[in-house]
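Trainee: Could you walk me through reading a protein structure, one feature at a time? I'd like the general idea and then the case at hand.

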Amino acid sequence: MKTNNLQAMFEAATKGNCIPARIAIEAGVQWRNPDLWYQPKLDTIDDDYIDVPDFIPDGLLGEYSRAIAKTIQFPPNTVFTHALGCAASALNMSFWHKYYNTEMPVNLYVITSQPPATGKSGVNDYLTNAISDAYMAVTATNKLERPVIEKKIKKATDELDKAKTDHEIRALVKEIEEENENLKKYPLYLYTIEDATPEALEVLAFSQNGVFNMVSDEATAVNSVLGMLYSDKASNNGVVLKGWDGGNTATIRVGRGVTSGYVRGVFSVIAQDETIRSILSAGLRGNGVSERFLMLRERHLLGQRVHGEYIPVAYKLRDEYEKTISNIVSSPKTVLTLSKEALELIIGIKNKYEPDLADNGKYCHALMRGVVGKADKQIIKIASILHAFEEWRPYKSKNTEIQFETVRIAWRIFENLIVAYENAASSNGYSGLKAEMKAVMETINNQIERKRDVISLSSLRDLIKNKPVFKSCGRLTARLKDVVLPALEDDDCIVFHGGTIYFNPKLKGGL
């Protein structure tokens, strides 16, 4: 191409705010000249840790999390996010919140990730030892009540064997059933488990008033219950799905009969990237597991820590945390409610996110649509946890009404965790624009290896539609035309014109 023509192309591109190759393609002249293309920017689809702004609020849980982070030299946001899940396991025994006209458990599903040797076990111990002790205290009390009830059941059972009239039989059967129901109120709680099949988790939950907690610093806690340790087949995730909002689950198995009941659970696992991949992989099955979790994978502090500089958690702070835990776990059934202003804020938040859930919206992918679609419930759960850890502190009033400001703080926490979730899903290739761009570029590079320099939009769509990131994308063609291809053109990788995608000759060293 002559120099003056090339110069004209660049001048036209400058006026049109586009790449010179687009001018050539629109004019129908030679566009393969590398001089018409800029160097492609491919760093936008790199996998990296996310830098999360500090979203730890004031208050007991935030202050205690910061203190733990200083002691262990650990990312504070990760400590606090894990603390939210651990705190939820304390409330899981007897706290509920009013959601319109329904009572729902105060629980949470949380996954955080940090590399080996960062101090995950220490973080988990600081947060859970007091909760485990509080559960054991409740169990110790229940052990005193159970023999009394069991004796009544045995007495009524013995009398049933001797009963002669229908009236006596009915009365004794009713008494036995009532005492068995009474016995269920005094379970021998197992605070947390780290390795369980879905069926075993279900049995445990039914044995302790529907409660289960999987709080751990090991990935096994997630992998086992999702069926990833024992089988390549799809797992029964009913107890996980129903446990998030206190739903009823019923199963029937040969040799085990029918089991049914309401379950409510907590996941709070601080492990490595494997846990996040497990949750996202489960989400590909379209069963709703992954959208119930909040997750955080932020930059670690390895290489920055100074060993020998130990800042202990203040005794007074740790003591107050432990006493608050004890107050919460030992409470009778407690129902938290939202103030009028707090409820109005929740409604406003739902309306704010609604347009983003539309086809081709910011959260149009099924994975993110499910996560953001549960914003109201997640925010109320977080607000309930923050509220309880203030009102159930020693000498506080135990007010059950959650105020506007607490919901506003919970919303800010949720928004940061949504960014973190999107980044985790994107970096693992499951969701988000960066993951979509990466998937398209992989296909384009495959075409370049076959000595091709263009592809039609329809052909591209057929090649990528079964990739994980696009599997649940509504209106895929529109998504490509309106979002993904323009983003790749902004990165100087392609030009999209007239239904055809033109490849930058500088990709992979040219054709």
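Mentor: Let's start with burial: a residue is buried under 20% relative accessible area, exposed over 50% and partly exposed in between, using a 1.4 Å probe and protein chains only. Keep in mind that this is a predicted model, where local features need pLDDT of at least 70, side-chain atom pairs count only at pLDDT 80 or more, and totals for chains, interfaces and linings use all residues. Residues are numbered from 1 along each chain as its sequence is written, and side-chain values use heavy atoms, with hydrogens and water left out.

Trainee: Okay, is Ala-69 buried or exposed?

Mentor: Ala-69 has a relative accessible area of 5%, so it's buried. You'll find Ala-69 in helix 3 (residues 60–72); helices (H or I, at least four residues) and strands (E, at least two) are DSSP runs, numbered from the N terminus.

Trainee: And which residues does Ala-69 touch?

Mentor: Contact means heavy atoms within 4.5 Å. Not counting residues up to four places away in sequence, Ala-69 touches Phe-74, Pro-76 and Val-79. Thr-128, in helix 5 (residues 120–162), is buried too, at 7% relative accessibility. Skip its neighbours within four places in sequence, and Thr-128 is in contact with Cys-86, Tyr-191 and Val-215.

Trainee: Where is Pro-332, and is Pro-332 buried or exposed?

Mentor: Look in the loop between helix 11 (315–329) and strand 9 (334–338) for Pro-332. With a relative accessible area of 61%, Pro-332 is exposed.

Trainee: Now rings. How many aromatic pairs are there?

Mentor: Rings of Phe, Tyr and Trp (its six-membered ring) pair if their centres lie within 6.5 Å; planes under 30 degrees apart count as stacked, over 60 as edge-to-face and the rest as tilted. That rule gives 15 aromatic pairs. Take Phe-95 and Trp-392: their ring centres are 5.0 Å apart and the planes are at 75°, so this pair is edge-to-face. Phe-95 belongs to strand 1 (residues 95–99), while Trp-392 is in the loop between helix 14 (375–391) and strand 10 (401–402), so the pair ties together parts 297 residues apart in sequence. Both Phe-95 and Trp-392 are buried. Ring pairs also link Tyr-109, Phe-212, Phe-267 and Phe-293 into a cluster.

Trainee: What about charges and rings?

Mentor: A charge sits over a ring if NZ of Lys or CZ of Arg is within 6 Å of the ring centre and within 35 degrees of the ring normal. Here Lys-333 lies over the face of Trp-96, at 5.1 Å from the ring centre. Lys-381 does that with Trp-244, at 4.5 Å from the ring centre.

Trainee: Last one: how do I read a sheet?

Mentor: Strands of a sheet pair through backbone hydrogen bonds, either parallel or antiparallel.
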